[in-house]
Amino acid sequence: GCCYSLTAVIFACLCFACDGFFTGNIHRNIERQISNDQHWISQKLDHFNGADSRAWKQKFLVTETYYRTGGPVFLMIGGEGPINNQWMSTDSGSTWLTYAKKLGALCFLLEHRFYGDSHPTVDLRTENLQFLSSQQALADLAHFRTVMAKQLGLTNSKWVAFGGSYPGALAAWSRLKYPNLIHAAVASSAPLHATVNFSEYLEVVWRALAAENPKCPLLVKKAFDTLNELIKDPKNYENITKDFNLCSRLQIQSEKDRAYILDSLADSIMSTVQYNNDNRAFESALGTNCTIKTVCGVMSEESLGEPYYRFAAFVALRTTTYLLQPCFKDPTYSANLQDLRNTSYSGPASGGERQWLYQTCTEFGYFQTSDSPNQPFSGFGLQYHVEQCLDIFNISTKTLYAGVDQTNENYGSYDIRATRIVFPNGSIDPWHALGITSSISDDLPAIFIKGTAHCANMYPARAEDIPQLNLAREHIFQILQKWLKEK
């Protein structure tokens, strides 16, 4: 996930009657301070089957604080998790709201189907997840836009889609697929190219660490190579458990157990790089002050012993100090599998992990493997990732590849044919490898921000932001201003 770990959609209809807010002219409706109140709209379960009339309620938030008559409508797309009120809080200073203030925009935030409180089906059984796809999400969005415009007299208003990470891709694709409804889009850190084996992710991690200190990724690699050796011998399990402060004793009963613990430990560095110096604290994210500097600082600390011990110290430090967890999670693949197979909306992986894994197994891939030689980790190759699709959803490798090909065929991958979409990306963000980092045309500009990470341009500005980030935010605003003058 993204910026707000990657998100998207909304829509529907009759339920406005319930709270009586959509009556009379827009100003009267919108005068009533409705910021951060939840609203619901009725959506079709399957937009692509006219014979299926099943419907459900989708959640959305709205703020009219900055709305001026004739102003645009901003639509922030939710992603692979619950929507967060902080993105609608006028106190937060999040970037899109600063644009809304200058441009007099009405703002909506729409939750993606199957995430948060937006439950199209009674549970998350695999047969129900067939209705979870980017295409259904985009159709939700189109319907939301149509109904809302009609209800509020906003048919002639210009609608701009915003999103970061997966919702960033949805923002771009909403403009591509529904150019009659979406006037422009800001697609931050958007992975537009679907790929099963996303081995480039860890190559960017290597380069990001090396930019801080050329020795840093070499030390991480040395540490991980040692860990890989040690983990082959059960006699070392007790020590590894202690070194990394694991919540329960390391047990390796299969190749997948080995890959799972290696992937999990590597992730402590991967996540740190992905969100490096992002101002995520405003949405109550933990560990935001753990940065690439922290990683390389600990990895260079000779008093801690060999690189292996430094890496163990970093993982333990991040777990307890930054993530405020007493120990590092259960280290077995089978325990994780059990969580991911739970189909209840209140299950341990229902916050989005099960749903997002289904989307990666059916349409995106995006598997962050250790298959490239140009990165510091090893032991969690492609096979481990694709077998999860089989273990959890019974989705074969052949089906996975066909789904990913279909996604690129449907949206165009890097060769997106549209207008009025801006693509901000950060050089430290591993996801930029699947995004647009150089302008395609004047109407499809890329803004590549040196030294920033995932969705950095979306977060509230702060004093310590680097100049490139401030310039990028301003550049996006100038582009929006220009596009809003166009017919």
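Trp 173 and Phe 364 are both buried, where buried means under 20% relative accessible area with a 1.4 Å probe, counting protein chains only. This is a predicted model, in which local features need pLDDT of at least 70, side-chain atom pairs count only at pLDDT 80 or more, and totals for chains, interfaces and linings use all residues. Residues are numbered from 1 along each chain as its sequence is written, and side-chain values use heavy atoms, leaving out hydrogens and water.

Let's look at the aromatic rings. The whole structure holds 32 aromatic pairs; rings of Phe, Tyr and Trp (its six-membered ring) pair if their centres lie within 6.5 Å, and planes under 30 degrees apart count as stacked, over 60 as edge-to-face and the rest as tilted. Here are two of them:

| Pair | Centre to centre | Angle between planes | Type |
|---|---|---|---|
| Trp 173 and Phe 364 | 6.2 Å | 20° | stacked |
| Tyr 358 and Phe 393 | 5.3 Å | 80° | edge-to-face |

Trp 173 belongs to helix H5 (residues 166-177) and Phe 364 to helix H13 (residues 353-364), 191 residues apart. Helices are DSSP runs (H or I, at least four residues), numbered from the N terminus. Tyr 358 lies in helix H13 and Phe 393 in helix H14 (residues 382-393), so their pair ties together parts 35 residues apart in sequence. Tyr 358 is buried at 9% relative accessibility, and Phe 393 is buried at 6%.

Note on methods. Helices (H or I, at least four residues) and strands (E, at least two) are DSSP runs, numbered from the N terminus. Buried means under 20% relative accessible area, exposed over 50%, partly exposed in between (1.4 Å probe, protein chains only).
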